[in-house]
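Please look over the sequence and the structure shown below before reading on.

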Amino acid sequence: MKHLPKHLRPRYRYLAVELESTPDASFSRRSFQRELWYAAGNLLGDPGSADVDCTVVRFEFSEGVGEAVVRARHGHAAEARAALACVASVDGHDLGVVVRGISGTIRACEEKYLGRPRQISAQRTVAFEDQDRPAVERNGVLDVRVDDRYVGATPTDFE
């Protein structure tokens with residue numbers, strides 16, 4: 001079977017996506033893909049989500065932060081961004097999703113938008129609600145462990 005000529009092949013755009021959750025969050029590419037498909041289906045309907053064709057092609061997530069590259073059909077990048085904005089949680093963990101940029105190839109997407117160094121996190125103990133509690137600090141923001149969940153705080157909350 002012959003390949004289609006280049007001018008007849010479908011064209012895609014690649015979205016560089018930053019993911020952030022609590023430090024104890026852990027989920028797979030498959031879970032994120034499933035939530036993205038559900039969000040696109042709920043927002044755009046079945047025909048609209050089929051037109052956008054959101055597919056996670058690269059995925060990395062650990063210690064509450066990660067990156068992904070999401071493929072969308074050419075001309076439907078705005079709908080893909082809207083579907084990504086509707087993803088609020090994965091496997092019961094709250095999730096923040098930020099689109100860093102859009103590119104025409106996976107390689108350009110990774111080089112332009114995903115090439116920065118990883119966030120540095122540090123464990124420390126802070127006084128919160130009149131008790132010493134464990135916390136994880138990332139880029140000046142603290143996630144304080146309260147019972148079985150994390151609460152977000154800034155250094156000014158402890159002054």
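Where is the place of Asp147? In this predicted model, Asp147 is found in the loop that lies between strand S8, residues 141-146, and strand S9. The points below begin with the sheet to which these two strands belong, and then return to Asp147 and its loop.

**The sheet**

- Four strands make up an open sheet, in which the order is S6-S7-S8-S9 and the pairing is antiparallel.
- Strand S6, which covers 121-128, and strand S9, which covers 149-153, stand at the edges with a single partner strand each, so one side of each is left without a neighbour in the sheet.
- On average, and with direction ignored, neighbouring strands of this sheet are turned by 35° against each other.

**The pairing of S6 and S7**

- Strand S7 is made of residues 131-138, and its antiparallel pairing with S6 runs over eight bridges.
- Phe128 has Gln131 of S7 standing opposite.

**Residues with a positive phi**

- Asp147, in the loop between S8 and S9, has a phi near 55°, which is a positive value in a residue other than glycine.
- The relative accessible area of Asp147 is 67%, and because a value over 50% counts as exposed, Asp147 is described as exposed.
- Asp53 is a residue other than glycine with a positive phi, here near 55°, and its place is in the loop between helix H1, which covers 29-52, and strand S2, which covers 55-62.

Terms used. Residues are numbered from 1 along each chain as its sequence is written. This is a predicted model: local features need pLDDT of at least 70, side-chain atom pairs count only at pLDDT 80 or more; totals for chains, interfaces and linings use all residues. Side-chain values use heavy atoms; hydrogens and water are left out. Two strands pair if DSSP finds at least two bridges between them. Axes are lines fitted to C-alpha atoms, for helices over the stretch in contact, and angles run from 0 to 180 degrees between N-to-C directions. Buried means under 20% relative accessible area, exposed over 50%, partly exposed in between (1.4 Å probe, protein chains only).
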